[in-house]
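I opened the notebook to go through one model, from overall make-up to single contacts. My entries follow in the order I looked things up.

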Amino acid sequence: MKKFAAGIVLGFMASWAVAFASSNVSHNGSFWNRLNATAKDGYVNGYSDAMRVSVGKLDVLNSAADLFHWKGARRIIHQLSGQLSMEDVSANQAVKRLDDLYSNQKYSELDIGEALQTLSIRASETAMPDASAAKSAK
């Protein structure tokens, strides 16, 4: 019994040590500025894919809202899906805007996810022209 208790204590201490030894990566401007161009594109594309999946899951909430007759739920869910969507911002635009944002040191602690959501909301409110469309218009 003593060996069993000692094993539990030793296991607990080992797991505690591993948990505190693991690194905690903050995805902020400092992290963004250390990424190369390919990694930045990959990060934005991965984030965009994750948001697309999240928006797809909101259909379940719409069904629940209909089932339970939640007033105003459709409007709220529609607004939320618009805020999660990255459809109005291309990956190239997002990378360029994040590079511009994080070039200013005062924004270095801003989380990349929060910055991308803000960028997406602004893009849906004021349609951002695509860089190639802007060049062809000249």
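**Entry: surface and make-up**

How much accessible surface does the protein have, and what share of it belongs to carbon and sulfur atoms? I looked up about 10,100 Å², with 60% belonging to carbon and sulfur. I note at once that this is a predicted model.

I then turned to burial. Of the 138 residues in the protein, 25% are buried.

Secondary structure came next. I have seven helices and zero strands. Read from the N terminus, the order is α-α-α-α-α-α-α.

I also checked how far apart in sequence the contacts reach. Among contacts with a separation of 6 or more, 67% join residues 24 or more positions apart.

**Entry: helix α6**

Which residues of α6 are buried? I list I112, G113, A115, L116, L119, S120 and A123. Seen down the axis of α6, these buried residues fall within an arc of 160 degrees, so they line one face of the helix. On the face turned away from that buried side I find the exposed residues R122 and E125.

I looked for what covers the buried residues of α6. The cover includes α2 (29-34), α3 (37-68), α4 (73-84) and α5 (91-102).

A side-chain oxygen of D111 comes to within 3.0 Å of the backbone nitrogen of G113.

**Entry: N28**

Where does N28 lie? I place N28 in the loop between α1 (2-21) and α2.

The side chain of N28 reaches the backbone nitrogen of S30 at 3.1 Å. I then left aside the neighbours within four places in sequence. What remains in contact with N28 is Y102, S108, E109, L110, D111 and I112. I112 is also one of the buried residues of α6, and D111 is the residue whose side-chain oxygen I noted at the start of that helix.

**Entry: salt bridges**

How many salt bridges does the structure hold? I count four. Side chains of opposite charge can pair when their charged atoms come close.

D99 pairs with K40, the closest N and O atoms being 2.7 Å apart. D99 lies in helix α5 and K40 in helix α3, so the pair ties together parts that are 59 residues apart in sequence. Is K40 buried or exposed? K40 counts as buried, at 11% relative accessibility. D99 is partly exposed, at 27% relative accessible area.

D49 pairs with R52, again with a closest N to O distance of 2.7 Å. Both residues lie in helix α3, three residues apart, about one turn of the helix. D49 is partly exposed at 40% relative accessible area, whereas R52 is exposed at 53%.

D66 and R74 meet through their side chains at 2.6 Å, N to O. D66 is partly exposed, with 41% relative accessibility. R74 is partly exposed too, with a relative accessible area of 45%.

Key. Residues numbered from 1 in each chain as written. Predicted model: local features only at pLDDT ≥ 70, side-chain atom pairs only at ≥ 80, totals over all residues. Heavy atoms only, no water. Buried < 20%, exposed > 50% of the residue type's maximum accessible area, 1.4 Å probe, protein only. Helix = DSSP H or I, 4+ residues; strand = E, 2+ residues; numbered from the N terminus. Arc of directions from axis to C-beta. Contact = heavy atoms within 4.5 Å. Polar contact = N/O pair within 3.5 Å; in protein donor to acceptor, adjacent residues only side chain to side chain. Areas by Shrake-Rupley, 256 points an atom, 1.4 Å probe, with all protein chains shown as cover.
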